[in-house]
Amino acid sequence: MSTTSEQLADLSATTLLRFATAGSVDDGKSTLVGRLLHDSKSVLADQLEAVEAASLSRGQDAPDLALLTDGLRAEREQGITIDVAYRYFATPRRRFILADTPGHVQYTRNMVTGASTAELAVVLVDARNGVVEQTRRHAAVAALLRVPHVVLAVNKMDLVDYAEPVFAAIAEEFTTYASELGVPEITAIPISALAGDNVVEPSANMDWYGGPTVLEHLETVPVSHDLTACHARFPVQYVIRPQTAEHPDYRGYAGQIAAGAFRVGEPVTVLPSGRTSTITAIDALGESVDIAWAPQSVTIRLADDIDISRGDLIAPAGDAPATTQDVVATVCHVADQPLAVGQRVLLKHTTRTVKAIVKDIPSRLTLDDLSQHPAPGQLVANDIGRVVVRTAEPLALDTYADSRRTGSFLLIDPADGTTLAAGMAGDAFAAATAPAAPQDDEGWDF
Amino acid sequence: MTTVANVHEDTDSPFALSHLDSLESEAVHIFREVAGEFERPVVLFSGGKDSIVMLHLALKAFAPAPVPFSLLHVDTGHNFPEVIEYRDRTVEKYGLRLHVASVQDYIDRGVLKERPDGTRNPLQTVPLTEAIQEHRFDAVFGGGRRDEEKARAKERVFSLRDEFSQWDPRRQRPELWQLYNGRHAPGEHVRVFPLSNWTELDVWQYIEREGIELPQIYFAHEREVFSRNGMWLTAGEWGGPKDTEPVEKRLIRYRTVGDMSCTGAVDSDATTLQAVIAEIAASRLTERGATRADDKLSEAAMEDRKREGYF
């Protein structure tokens with residue numbers, strides 16, 4: 001393989017897509033992931049050799065691509081994926097970070113983790129089985145975590161004779177269900193991961209499908225939108241004060257823009273104090289800029305010397321969130337020890353960690369059928385539930401629907417530091433979106 | 001430098017960041033989180049390209065103030081002179097404070113024993129752990145990347161270590177959104193990997209974009225080497241070559257920098273950054289597969305070393 005300088009220039013200017021895959025080994029997820037990596041030439045010779053050797057020693061005749069991602073000894077010994085594995089691959093159009101989440105063990109916790117940073121989730125179903133309980137659970141997690149794009153990969157089309165009606169029925173059932181949960185964009189693609197149909201290369205067996213392959217879709221799905229339309233949020237991470245001869249009076253607020261865009265000259269409010277000032281400069285890692293946006297790491301300087309420290313939030317003066325000490329949220333419980341009503345915890349929100357107490361757990365949610373179970377008293381590992389938390393100090397909290405970054409938080413055990421639960425402020429699911437038009441020629445729309 | 005990736009205007013808004021900007025922003029965020037939440041952080045600095053990129057990111061994260069961390073080098077004693085010279089010059093240039101934990105000292109004191117194969121990489125764990133305890137470092141930045149090795153692919157950005165520096169993959173905290181939980185008990189510390197999501201190619205592209213200087217051994221040069229286990233090793237006092245291993249002069253470069261006894265060179269004529277990037281983009285071997293004897297020991301070699309407290 002030779003690489004031209006144009007290809008290299010392309011490589012340095014690509015965007016980054018973070019996505020998650022959900023499904024079990026039975027659905028062919030490892031085969032799909034293996035094929036994406038393999039067909040995009042991201043699996044290198046020594047990795048493939050190692051996988052082939054390990055597969056042989058286990059008595060398998062074909063290389064088991066799951067061994068590429070199952071990095072821990074216990075995983076290889078038990079033949080299961082225990083933990084989220086991150087994989088990296090690139091095409092000339094885009095760089096990808098894939099959070100590969102296991103299908104069985106600690107399922108919810110791992111998918112929630114993988115989906116929390118994902119802009120796209122691939123949900124796999126077996127064309128022979130269609131939408132099953134697990135598929136609905138995957139759709140619910142993607143909806144709950146507000147993953148902007150969901151791909152339904154209907155796999156094993158080769159085993160249903162590449163029949164369009166089979167695909168169309170599954171795609172319609174899933175799209176209707178996910179739309180009701182508020183998933184804004186759903187793309188259904190008929191594939192055979194094993195045979196390679198519509199994964200990287202278009203299938204010769206499904207002339208009736210006019211949409212993109214999985215990889216084409218991953219390469220072209222929008223990774224950003226008009227950030228000037230969002231609520232701008234800047235959690236202060238660190239105050240930079242050199243106090244050197246060269247910079248005696250420099251005072252900059254360092255952080256990563258969590259949402260929206262900020263401009264020099266813009267009036268801002270600092271929370272929780274409520275003081276106001278104006279942005280005089282934005283330093284974007286060594287370059288002075290007039291505008292910066294999420295997720296850039298910058299240093300913001302203000303006109304007035306007001307008391308600002310780590311944990312404060314800078315927001316546009318006319319668009320600051322209300323502060324609150326009463327948090328109503330959906331949480332996914334991720335620890336082995338339970339979370340109970342009355343428990344004292346730490347709540348970590350953006351760059352601020354405060355003491356808090358769990359006032360109520362009004363309900364637990366079953367993801368399979370979205371049924372509510374009132375007053376469970378406590379949540380255990382992999383439970384999803386509604387919680388009411390009272391914090392010791394006010395938080396500048398958005399709803400998770402408005403901002404994934406400033407609407408999310410962790411609950412932490414103050415005794416041993418364990419991360420107990422992942423929280424999303426506000427309502428669990430978005431209002432239902434109108435179901436997308438049935439699969440048309442393009443197969444997808446924005 | 002912020003570059004807006006405008007490769008596909010049909011799908012990406014003007015606000016889409018290039019992948020290098022995304023990765024840089026994420027790493028800077030991680031550095032600042034640690035500066036905000038820990039008392040005594042330290043950056044592991046070997047003079048290898050990943051640690052050089054880490055230091056570059058730390059300098060950018062806190063400018064115009066100095067980096068609020070010191071550096072720690074675990075010195076195996078089997079160093080490339082060019083790398084030590086680079087290390088010392090860098091420390092001087094940025095007015096940094098460098099701690100050195102010396103494997104040779106431990107061997108001289110009889111605390112550690114030289115291995116029969118002369119490899120000192122596995123011997124680094126004890127000096128590293130004791131330096132962390134002696135200086136009471138509570139956060140230790142490492143340049144490890146998840147694309148390097150499959151056990152690393154499972155490690156968190158904030159990776160809790162017990163008082164023996166041990167990693168327990170089963171007890172890792174789920175890491176959600178960009179919310180890193182660095183709480184730890186006294187005596188424990190957190191290993192922090194700001195380059196977790198970078199690949200080898202990203203590192204090189206970033207080095208090129210930022211104009212970062214590297215030790216010369218990363219570029220093609222003539223060197224006296226001999227072959228062992230299919231790798232080109234540099235002849236030196238550390239114990240190579242054996243009588244049966246003929247030395248020859250070859251045009252080579254290093255893809256990684258580590259202990260001389262187990263870090264192999266690759267045949268290469270890449271004398272510039274662009275040539276190196278082209279070579280890596282076309283390479284069919286991972287950098288550890290091509291150059292690290294210590295990872296070839298077993299399928300779980302890295303996991304075992306990490307459990308024991310390795311980087």
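## Helix H5 of chain B

In this predicted model, H5(B) lies across S2, S3, S4 and S6 of chain B and runs at about 140 degrees to S3(B), where axes are lines fitted to C-alpha atoms, for helices over the stretch in contact, and angles run from 0 to 180 degrees between N-to-C directions. Helices (H or I, at least four residues) and strands (E, at least two) are DSSP runs, numbered from the N terminus. Within H5, which spans residues 125-134 of chain B, the buried residues are B:Thr125, B:Pro127, B:Leu128, B:Thr129, B:Ala131 and B:Ile132. A residue counts as buried if 20 or more other C-beta atoms lie within 10 Å of its own, as exposed if 12 or fewer do, and as partly exposed in between, with C-beta atoms placed from the backbone.

These buried residues of H5(B) pack against strand S2 (70-75), strand S3 (98-102), helix H4 (103-108), strand S4 (139-141) and S6 of chain B, a contact being a pair of residues whose C-beta atoms, placed from the backbone, lie within 7 Å. H5(B) is followed by B:Arg136, which has a positive phi near 50 degrees.

## The six-stranded sheet

In chain B, six strands form an open sheet with mixed pairing, in the order S3-S2-S1-S4-S6-S5; two strands pair if DSSP finds at least two bridges between them. Because S3 and S5 of chain B stand at the edges with a single partner strand each, one side of each is left without a neighbour in the sheet. Neighbouring strands of this sheet are turned by 30 degrees against each other on average, direction ignored.

S5(B) and S6(B) run antiparallel and are joined by four bridges, and B:Ser159 has B:Arg191 in S6(B) as its bridge partner.

## Backbone features in loops

The loop between strand S5 (158-161) and strand S6 (189-192) of chain B contains B:Ser165, a residue with a positive phi of about 70 degrees although it is not a glycine. B:Ser165 is buried, with 23 other C-beta atoms within 10 Å. B:Trp177 lies in the loop between S5 and S6 of chain B and has a positive phi of about 50 degrees, although it is not a glycine; B:Trp177 is partly exposed, with 19 other C-beta atoms within 10 Å.

In chain A, a cis peptide bond with omega of about 10 degrees joins A:Leu271 and A:Pro272, and A:Pro272 lies in the loop between strand S11 (267-271) and strand S12 (275-284). A cis peptide bond also joins A:Ala294 and A:Pro295, with omega of about -5 degrees.

## Domains of chain B

The domain assignment, automatic or from a database, gives domain 1 (19-202 + 302-307) and domain 2 (215-297) of chain B, and the C-alpha centres of these domains lie 23 Å apart. Their contact takes 21 residues from domain 1 of chain B and 21 residues from domain 2 of chain B.

## Confidence and conventions

The model scores ipTM 0.90 and pTM 0.90. Chain B has a mean pLDDT of 85, with 86% of its residues at 70 or more, pLDDT being the predictor's confidence in each residue, from 0 to 100. Among the elements of chain B, helix H8 (residues 287-291) has the lowest mean pLDDT (59) and helix H1 (residues 19-37) the highest (97). Over residues 1-10 of chain B pLDDT stays under 50. Where pLDDT is low, the predicted coordinates should not be read in detail.

Residues are numbered from 1 along each chain as its sequence is written, while chains are lettered from A and ligands numbered from 1 in the order in which they are written. As this is a predicted model, local features need pLDDT of at least 70 and side-chain atom pairs count only at pLDDT 80 or more, whereas totals for chains, interfaces and linings use all residues.

Notes:
Contact = placed C-beta atoms within 7 Å.
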